[in-house]
Amino acid sequence: MREKATPTLQPSNNEIIMKEINQKQLLETLETRVESHLTQAIHQFQNLTKKELLQAATDGGWSIAQCLEHLNSYGDYYLPLIEKNLKGADNQSENGSFKSSWLGNYFIRMMEPTTGKQKFKAFKGHIPVLELDAYAVIAEFIRQQEQLLDLLKKAEKLDLNSIRIPISITRFIKLKLGDVFQFIIAHDERHIQQAMRVHKNPNNS
Amino acid sequence: MLTTLQLLKQTTQAIYPLSDEDWEAFSGIWKPLSARRKEILTVAGEREKYLYFVIEGVQRVYYFDDQNRESTLVFTYAPSFGGVIDALMLQQPSRYYYETLTPSLFLRASVFDLQLLIETRPAIATLMRQGVTVALSGVLERLVELQTFSTEERYKRLLQRSPHLLQLVPHKYLANYLGMDATNFSKFINKVKI
């Protein structure tokens, strides 16, 4: 699934002209990615032992449970907000297209594992504690991914350009819903990959 | 690879073998349907318009009421029949929901086409009676488990019967099906080895 590039990814040059893309296609691509994240959580994470889930990474980094808890803290902020903003939103534009904003595209590229190689420090309010109820964290992660799928479905007929959502780290910046979806899902991908690395390389910590 | 109709035929023959002519008529009423994850196919309060045959994916029949009480009654997965069978056969509003838990593929037959065949072809009436009776048998067996077995025994039974569900379905649905809370369920993941 990963070979499908996200439609907004642009060649890295400083004078990026945002391309209009087909909204339906964008949502389908995103849905496929959320579906694969869900499958990973259901197939792998929920079946691991408590010890495996809470084991710190070999480099001292986050455990699997911490990776998912970190994602949950973003879901806690964004999902209810998106839900609220979908109600009474404008219908899809006539040609059914979506265009990323410059800033939205910048954030997405930074977060996307294929284009943003840089590591970041987690923001305040998104730093997971060490001691977690691992299974409750996974159950909540799965619930949130199911909700995200539902939101993507609900957004099909709405205009992803006109709905704007304030971002979690500073409410002064608002991004288009189409960019917020892409950002959240790129961020999910990043930390699910991180959790998978912890899972595959569990010993010698 | 079996075609979907061949899979249906194999499953049907195991319940009650049909003559070529009856199979011809029976196989003619099915149409393919695909559904995404968490799509509700049958809504409580409405009639069950279809009999489903599962080709791919996992689904559940569940009860949900105005006090937010939820009960997962049955899982369906390939190759088996699905839908709210009592509502279908009695032609009464369904008391339950039927929803997909994973992306799913089905064949489905409309109740009108099915009823017509049941009324005109005795072998198909027998096939349906056999099928419903086997399903009843499964429900009675499950009642015994729910009323008699400990939660750990129920968990082990599920592992024996449908181990693949643990990797396909979020555990909250499995815990609910077994009549235990999610915390209890996760204890068994650590304790009971597959």
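**Stop 1: chain B.** Select chain B and colour by secondary structure. Nine helices and eight strands make up chain B. This is a predicted model, so colour by confidence next. The average pLDDT of chain B is 95, and 98% of its residues score at least 70. For the model, ipTM is 0.88 and pTM is 0.88.

Now show the C-alpha trace of chain B. Along the principal axes, the trace spans about 55 × 40 × 30 Å. How does the radius of gyration of chain B compare with that of a compact globule? A compact globule of 194 residues would come near 16 Å, and chain B has 17 Å, so the two agree.

**Stop 2: where the chains touch.** Select the contact between chains A and B. Chain A supplies 13 residues and chain B supplies 14 residues. Stay on the side of chain A. Helix 1 (23–43) and helix 5 (134–154) of chain A are the elements that give two or more residues there. Which of them gives the largest share? Helix 5 of chain A does, with six residues. Colour this side of chain A by residue class: five residues are nonpolar, four polar and four charged.

**Stop 3: helix 3 against helix 6, chain A.** Select residues 64–86 and 177–200 of chain A, which are helix 3 and helix 6. Their axes lie 9 Å apart, at an angle of about 165 degrees. An angle over 145 degrees counts as roughly antiparallel, so helix 3 of chain A is roughly antiparallel to helix 6 of chain A. The crossing of the two helices is left-handed.

Show side chains. Helix 3 of chain A brings residues including I64(A), L68(A), L71(A), Y74(A), Y78(A) and I82(A) to this contact. Among those they meet in helix 6 of chain A are L177(A), V180(A), I184(A), H187(A), H191(A) and V198(A). By class, the contact has twelve nonpolar, six polar and one charged residues.

**Stop 4: helix 4 against helix 6, chain A.**

Pick out G104(A), F107(A), I108(A) and M111(A) on helix 4 of chain A. Across from them, helix 6 of chain A contributes D179(A), Q182(A), F183(A), A186(A), H187(A) and R190(A). Five residues of this contact are nonpolar, three polar and two charged.

Methods. Residues are numbered from 1 along each chain as its sequence is written. Chains are lettered from A and ligands numbered from 1 in the order in which they are written. This is a predicted model: local features need pLDDT of at least 70, side-chain atom pairs count only at pLDDT 80 or more; totals for chains, interfaces and linings use all residues. pLDDT is the predictor's confidence in each residue, from 0 to 100. Two residues are in contact if their C-beta atoms, placed from the backbone, lie within 7 Å. Helices (H or I, at least four residues) and strands (E, at least two) are DSSP runs, numbered from the N terminus. Ala, Val, Leu, Ile, Met, Phe, Trp, Tyr, Cys and Pro count as nonpolar, Asp, Glu, Lys and Arg as charged, and the others, Gly among them, as polar. Axes are lines fitted to C-alpha atoms, for helices over the stretch in contact, and angles run from 0 to 180 degrees between N-to-C directions. Angles under 35 degrees count as roughly parallel, over 145 as roughly antiparallel, 65 to 115 as roughly perpendicular and the rest as oblique. A crossing is left-handed if the near helix is turned anticlockwise from the far one by less than a right angle, and right-handed if clockwise. The radius of gyration is taken over C-alpha atoms; the globule rule is 2.2 Å times the number of residues to the power 0.38.
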